[in-house]
Amino acid sequence: MTSPLLVGLPLAGRDVLVTGGGPAAAAHAGDLRQAGALVRVVAPHVCEDLHELVVRDAATVTLDEREPRESDLDGVWLVVAADGGSTDRARVQGWAEARRIWCVVDDDATAAQIHDAGSLLAHGDLDLRRPTGTLGAVTLVGGGPGAPELITVAGRRALAEADVIVTDRLGPRSVLTNVRPGVEIIDVGKTPGHHPVPQHEINRILVEQAQLGRRVVRLKGGDPFLLGRGGEEVLACQEAGVPVDVVPGISSAFAVPALAGIPVTQRGLVAAVHVTSGHEPLADAALASVREESATLVVLMGVGNLGHIVEQLRGAGADPSTPVAVVERGSTPEQRLTRATLADIVAVAAEVRVRAPAVIVIGAVAAS
Ligand SMILES: C[S@@+](CC[C@H](N)C(=O)[O-])C[C@H]1O[C@@H](n2cnc3c(N)ncnc32)[C@H](O)[C@@H]1O
């Protein structure tokens, strides 16, 4: 979905500069790339989404990890000043005006205030003081697997009413360019040094923001309670006396196979499904589901451990010809389906360079 600010601009093949490295810059860079622009991002720190975009689309999106300079505007048709401080954006805008280059400024007036959690934690100097006299609340919103259309109506409403949105890399980031002006977005996906923000810090941020009287949305990928640590966030709020509720989301466990044409159950074939994390050793019930062909096994977070998962299943006596499907980046333009069998999925996945995030489906329904 192209940003309304960019609709109609003939950007194909044209150089565009994006300054800023947070989620807003990532969303703009993605939009610009889709419009065919040659995007150069200049920012001292970038969030994980931007990193992934640059790695995935090195031919069209390039990155200089440093502060922007005036000479970065040489030869560009358009500048997008996103994220960073307002002074940084104003400086870039000033350079663009002096050169008569159009500049889209993603600032408080046109979009959200976006901070990464690293700067929040490191400086603690953001303007968080907006006393309302009443206690705020936290709503955990399941954002679905990625496409902006796959968030629920209740989830969209919660986002529209939020004062603060706390997000990470698996939430559908594309919805964040359309939230109301003035919303503060805190990225807890990665700090500037690319370290994950620990769960206890995320809990602390949620509680602290609500105690400032704000309506806080914790935007999560898929469903908040399916391998998403949403339960811990709810407990942290309850323990602090902060009102908390949950808007369920469409889980990648079912939606991503569905989008690739794979029903996780099928009448006459299999009537049960077992969902598990690929980070832990497989439980006996998971091993039995494949060995006995009694349930489809759906593995989340399993790409890095695929070899070990296959080893465990084969060690437990699963048929090597059991079908396996791996669906990467479901619901996004980069969705890809790879099919093989237990015997050869590791080699096939390595050959086609399967990468996370992906859902692994094991069982008869995964056959073509
Ligand atoms: C930490 S779990 C969170 C799951 C989430 N709560 C849900 O219900 O979808 C993250 C894993 O979900 C899966 N996942 C989430 N979104 C995905 C997508 N768009 N395409 C493929 N897999 C996805 C991947 O296995 C990823 O490693």
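Entry 1: I started at S252, where an N or O atom of the side chain sits 2.6 Å from an oxygen atom of the ligand. I kept in mind that this is a predicted model. Next I looked at S251, and found a polar side-chain atom 2.8 Å from a ligand oxygen. For M301 I had to turn to the backbone: one of its polar atoms there is 2.8 Å from an oxygen atom of the ligand. I then checked how covered the ligand is: alone it exposes 570 Å², and the protein buries 91% of that.

**Entry 2: the shell.** Which residues come nearest to the ligand? I counted 18 residues around it, and the nearest are P145, L226, S252, G330 and A358. Sorting the shell by class gave me eleven nonpolar, five polar and two charged residues. I also asked where the shell comes from. Helix α8 (252-259) and strand β16 (358-362) each supply at least two of its residues. On the domain level, domain 2 (113-250) and domain 3 (253-366) each give at least three.

**Entry 3: salt bridges.** How many salt bridges does a search of the whole structure find? I got 21, and I took a few of them one by one.

I began with R218 and D168, whose side chains meet at 3.0 Å, N to O. This pair links distant parts of the chain, 50 residues apart: R218 is in strand β10 (215-220), while D168 is in the loop between β8 (164-167) and β9 (184-187). Both R218 and D168 are buried.

R204 has a relative accessible area of 36%, so I noted it as partly exposed. E208, at 30%, is also partly exposed.

Is E328 buried or exposed? I put it down as buried because its relative accessible area is 1%, under the 20% cut-off. R336 is at 29%, so it counts as partly exposed.

Methods. Residues are numbered from 1 along each chain as its sequence is written. This is a predicted model: local features need pLDDT of at least 70, side-chain atom pairs count only at pLDDT 80 or more; totals for chains, interfaces and linings use all residues. Side-chain values use heavy atoms; hydrogens and water are left out. A salt bridge is a side-chain nitrogen of Lys or Arg within 4 Å of a carboxyl oxygen of Asp or Glu. Helices (H or I, at least four residues) and strands (E, at least two) are DSSP runs, numbered from the N terminus. Buried means under 20% relative accessible area, exposed over 50%, partly exposed in between (1.4 Å probe, protein chains only). A residue is near a molecule or strand if one of its heavy atoms lies within 4 Å of it. A polar contact is a pair of N or O atoms within 3.5 Å; within protein, one must be able to donate a hydrogen and the other to accept it, and residues adjacent in sequence count only if both atoms are side-chain atoms. Accessible areas come from the Shrake-Rupley method with a 1.4 Å probe; for residues, only the protein chains shown count as cover. Ala, Val, Leu, Ile, Met, Phe, Trp, Tyr, Cys and Pro count as nonpolar, Asp, Glu, Lys and Arg as charged, and the others, Gly among them, as polar. Domain bounds come from an automatic or database domain assignment.
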